[in-house]
Amino acid sequence: MSQTVEANAAATSLLARYKAVRQASKNLCRPLSPEDMMVQSSPEASPVKWHLAHTSWFFETFVLREFAAGYQPYHPDFHWLFNSYYNSLGEMPEKKLRASFSRPPLESILAYRTHVDAAMTALMQHPLEDEAARRIALGLEHEQQHQELIATDIKHALFTNPLHPPYIDGPAKQKLDTIAPPLDWIDFAGGITEIGFKLDSADPIQSVSFFAFDNETPRHPVYLAPYRLATRLVTCAEYLAFIDQNGYNRPELWLSEGWTTNRAEGWQAPLYWRRDEETNSGWSIYTMNGFRSLDDLSETPVCHLSFFEADAYARWAGHRLPTEFEWEHAASQLGLLRKEVNSQPALLTYQPDPAQKLTAIPAVQANLFETGNLHPTPASAVSGLQQIFGDVWEWTASGYTGYPGYKPLPGALGEYNGKFMSSQVILRGGSCVTPTTHIRATYRNFFSPSTRWQFSGLRLAQDVSK
């Protein structure tokens, strides 16, 4: 196959992925009213309308302005109005004020997306420069991050409404009559292992099948002492035992900053849990389908925990959280959820060497966004590690720093990941609102340790010597 044919095929594939990702963002908004899309319920969240604009801003700023000859920006004010945190590109509005953007109206934001989509489609109907292809790939992963944020932000916005309306009316899709299997352990020998994503420098347009963020590189050796991982995630019923044994009021279980935060915030349960005397458990939990009894959700993984809560629970249980390297070492042996096969999300083996082929593994199941559950589901009665991908982001014991030899992207895009390598903690594995084609074994999510509005939970670990 000639280089021209290969370039055309790559551009066609990238255009198909572009259309699918952009449509997925619109699909997320179907249950929402224009008023819903204006709400910003906390400083760390953003209105849905803003997410739709900012993801278009990304393509306009980093792709169209630089690679589309004669491109005319949709509106001159949008360049600074919908900037998020790229300081090298100039000033931007304060994040906590995004809910005040009643103007431009929603129809203008949707017209902006249409304008950008038309220009991007025209650009990708021709062979792309290598750097343009890389940036489009980054923009698609960026938009999928914002799709997850749309889900988490609108859940928090609707929860803070005194009416507590659901995101989706009607009964939840999943039937939760499964009993979670007993928690078991799997031993890992440890030793020297390779961690991180190995980019293929010979394939400049590796954007469709082998994308990785800069913070997942370079691949490097790490020593792991022998360790054990729990076969499944901690459930709501198990976490309720921590609450019932006064876990939130025992300072010996908490890190110092966690205890201070716990006292300041008045935490007594995970976010979205509410006392409910009409239930057997005494609790109800707000979900994307509205409030549901903890009695019905007891076997599902506990979610919307901060790192401090996850760490305190692990200490109470006599165990610990895994490091991000232990988690990746275990997860990479199971497989990687990545790419599409015949237009369907596929489960794929991760081969660190991009020259090797990806292989489908239908036996590995995951509760990600495409299932439509929009909430964690119970583990099943099968052997081996479960719930590694999907359900909840798993807090690790690892702070967010760069790998040895890490280099951020050049220019303004270098602000994407690198400048946040301070006071953040790593989470791994994706959640029930993570797009299937967005997650992989090397993916490093990160949030401040007090963050609770994400679908975050925990898996226990211990040293093999115990």
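The protein chain of this predicted model contains 10 helices and 14 strands. Of its 466 residues, 55% count as buried. The accessible surface of the protein chain comes to about 19,600 Å², and carbon and sulfur atoms supply 53% of that area. Among contacts between residues at least 6 apart in sequence, 78% join residues at least 24 apart.

**Helix α5**

Helix α5 runs over residues 130-160 and has 31 residues. From its first C-alpha to its last it reaches 45 Å, close to the 45 Å expected at 1.5 Å a residue. How is α5 placed relative to the rest of the structure? Because 25 of its 31 residues are buried, α5 is largely enclosed by the rest of the structure.

**Helices α2 and α4**

Helix α2 covers residues 48-67 and helix α4 covers residues 106-124. Their axes come within 9 Å and cross at roughly 30°, and the crossing of α2 past α4 is left-handed. On the α2 side, the residues that meet α4 are Lys49, Leu52, Ala53, Thr55, Ser56, Trp57, Phe59, Glu60, Val63, Leu64 and Phe67. On the α4 side, they are Leu106, Ile109, Leu110, Tyr112, Arg113, His115, Val116, Ala119, Met120 and Leu123. The residues of this contact divide into 15 nonpolar, three polar and three charged. An α-helix has 3.6 residues a turn, so residues three or four places apart point the same way.

**His51**

His51 also belongs to helix α2. Is His51 buried or exposed? Its relative accessibility is 2%, under the 20% cut-off, so His51 counts as buried. Leaving aside neighbours within four places in sequence, His51 is in contact with Ser46, His146, Leu149, Ile150 and Asp153. Phe82 is 31 residues away from His51 along the chain, and the C-alpha atoms of the two are separated by 8.8 Å.

**Backbone geometry in the loops**

Most residues other than glycine have a negative phi, and most peptide bonds are trans.

| Site | Feature | Value |
|---|---|---|
| Arg103 to Pro104 | cis peptide bond | omega about 0° |
| Thr217 to Pro218 | cis peptide bond | omega near -5° |
| Asn246 | positive phi, not a glycine | phi near 65° |
| Gln387 | positive phi, not a glycine | phi about 60° |

Where in the chain does Pro104 lie? Pro104 is in the loop between α3 (78-81) and α4, and α4 is the helix whose axis comes within 9 Å of that of α2. Pro218, the second residue of the cis bond from Thr217, sits in the loop between the strands β2 (191-195) and β3 (220-224).

Asn246 is found between α6 (236-244) and α7 (256-265), and Gln387 is found between β9 (344-348) and β10 (393-399). How do Asn246 and Gln387 count in terms of accessibility? With 38% relative accessibility, Asn246 counts as partly exposed. Gln387 has 8% relative accessibility and therefore counts as buried.

Terms used: Residues numbered from 1 in each chain as written. Predicted model: local features only at pLDDT ≥ 70, side-chain atom pairs only at ≥ 80, totals over all residues. Heavy atoms only, no water. Helix = DSSP H or I, 4+ residues; strand = E, 2+ residues; numbered from the N terminus. Expected span 1.5 Å × (residues − 1). Buried < 20%, exposed > 50% of the residue type's maximum accessible area, 1.4 Å probe, protein only. Axes fitted to C-alpha atoms, helices over the stretch in contact; angles between N-to-C directions. Left-handed = near helix turned anticlockwise from the far one by under 90°. Contact = heavy atoms within 4.5 Å. Nonpolar A, V, L, I, M, F, W, Y, C, P; charged D, E, K, R; others polar. Areas by Shrake-Rupley, 256 points an atom, 1.4 Å probe, with all protein chains shown as cover.
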